[in-house]
There are 2 protein chains.
Amino acid sequence: MKILGIDPGSRITGFGIIEANKLKFNYLASGCIRTQGDLFERITTIFQGIGEVIEKHQPDVVVIERAFMRPDRPNPDAAIKLGHARGAIIAATGSRNIAMVEYSPNQIKKVVVGNGHAAKKQVSYMVCETLKLNKAPQEDAADALAGAICHAYHCL
Amino acid sequence: MKILGIDPGSRITGFGIIEANKLKFNYLASGCIRTQGDLFERITTIFQGIGEVIEKHQPDVVVIERAFMRPDRPNPDAAIKLGHARGAIIAATGSRNIAMVEYSPNQIKKVVVGNGHAAKKQVSYMVCETLKLNKAPQEDAADALAGAICHAYHCL
């Protein structure tokens with residue numbers, strides 16, 4: 001099973017693809033879609049970038065990090081920006097009839113690190129250990145790979 | 001100039017197309033994209049529905065209502081839902097290289113009705129008057145047409 005994990009963001013969207021065969025996880029690729037320009041250009045770039053990643057790697061399933069909003073610090077502007085990026089990613093995936101699943105950031109950390117409140121560095125370290133990478137991927141790509149690993153464990 | 005106005009919503013997305021030739025505005029079409037199912041299905045439906053409207057009517061420009069968040073009542077959940085719908089609409093438009101513009105709900109009401117705080121019924125009434133419609137369109141379609149009219153005046 002080929003799993004594409006995505007960490008959505010309006011400036012940087014991370015992605016990571018793994019192949020999971022029972023407990024054997026293989027790293028295939030990862031990277032970032034960096035956007036610039038106005039809102040319309042940024043969202044179009046994310047849509048087209050994710051489309052290219054899907055066309056190239058033909059994943060069986062796409063894992064997207066669930067939007068997490070701190071209830072004690074509501075920030076509608078940040079929420080709508082994240083929503084734009086997620087909407088473009090869902091459109092790129094759904095229009096190609098590829099299955100999608102969501103996990104919360106805490107679920108992903110809990111499965112990958114064993115602690116739902118793990119720091120970013122711990123996530124990155126465990127992604128490298130699990131996928132036998134010599135070099136840590138960029139932060140958003142590591143988060144995306146963590147989402148893919150979370151789903152791989154979930155499917156065991 | 002053919003203008004497609006869109007009133008984004010995760011359950012109902014309204015659209016309306018007019019042709020503007022200086023001060024002569026012609027109604028071409030309007031309607032709603034109604035969604036059901038889970039988040040992924042809804043957003044994919046909006047993306048595909050707006051894509052079909054664009055393919056059919058070939059607008060020169062797409063007008064989308066700017067996201068308005070009441071600062072006194074922050075609601076991140078509503079913001080992210082609206083963001084998803086807007087992201088799918090921007091992806092459908094931007095991937096076809098069609099220009100996009102935004103106006104706030106207040107700007108649209110001010111231009112169409114003459115009052116930035118006009119009620120929905122007043123907007124609908126003025127849309128019918130401006131476009132010489134015998135019957136009021138559905139509410140979200142009327143809001144979408146109001147956006148298109150606002151841009152038509154803006155371009156005079």
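# Contact, charge pairs and a cavity

Student: The area buried between chain A and chain B is about 2,100 Å², with 81% of that area given by carbon and sulfur atoms. What makes this area "buried"?

Tutor: Buried area is the accessible area (1.4 Å probe) that two parts lose on being put together, summed over both. Phe40(A), Pro76(A) and Ile80(A) supply 26% of the area that chain A buries against chain B, more than any other three residues. This is a predicted model, in which local features need pLDDT of at least 70, side-chain atom pairs count only at pLDDT 80 or more, and totals for chains, interfaces and linings use all residues. Residues are numbered from 1 along each chain as its sequence is written, chains are lettered from A and ligands numbered from 1 in the order in which they are written, and side-chain values use heavy atoms, leaving out hydrogens and water.

Student: How many residues does the contact take from chain A and from chain B?

Tutor: Counting heavy atoms within 4.5 Å as contact, 27 residues come from chain A and 27 residues from chain B. Between chain A and chain B the count is 0 salt bridges.

Student: Why is the pair Glu102(A) and Arg66(A) called a salt bridge?

Tutor: A salt bridge needs a side-chain nitrogen of Lys or Arg within 4 Å of a carboxyl oxygen of Asp or Glu. The closest N and O atoms of Glu102(A) and Arg66(A) are 3.5 Å apart, so the pair meets the rule. The pair links distant parts of the chain, 36 residues apart: Glu102(A) is in strand 5 of chain A, and Arg66(A) is in the loop between strand 4 (61-65) and helix 2 of chain A. Over all chains the count comes to 8 salt bridges.

Student: What makes a space a cavity?

Tutor: On a 1 Å grid over the protein atoms alone, a cavity is a set of points where a 1.4 Å probe fits but cannot get out. The whole structure has 1 cavity of 30 Å³ or more. About 30 Å³ of space lies in the largest cavity, a volume being the space filled by probe spheres set on the points, with grid points joined across faces, edges and corners.

Student: Which residues line the largest cavity?

Tutor: Lining residues have an atom within 4 Å of a point; among them are Ile6(B), Val63(B) and Asp143(B).

How values were computed
1 Å grid on protein atoms, 1.4 Å probe; cavity = no way out; pocket = protein on both sides within 12 Å on 5 of 7 lines; lining within 4 Å. Helix = DSSP H or I, 4+ residues; strand = E, 2+ residues; numbered from the N terminus.
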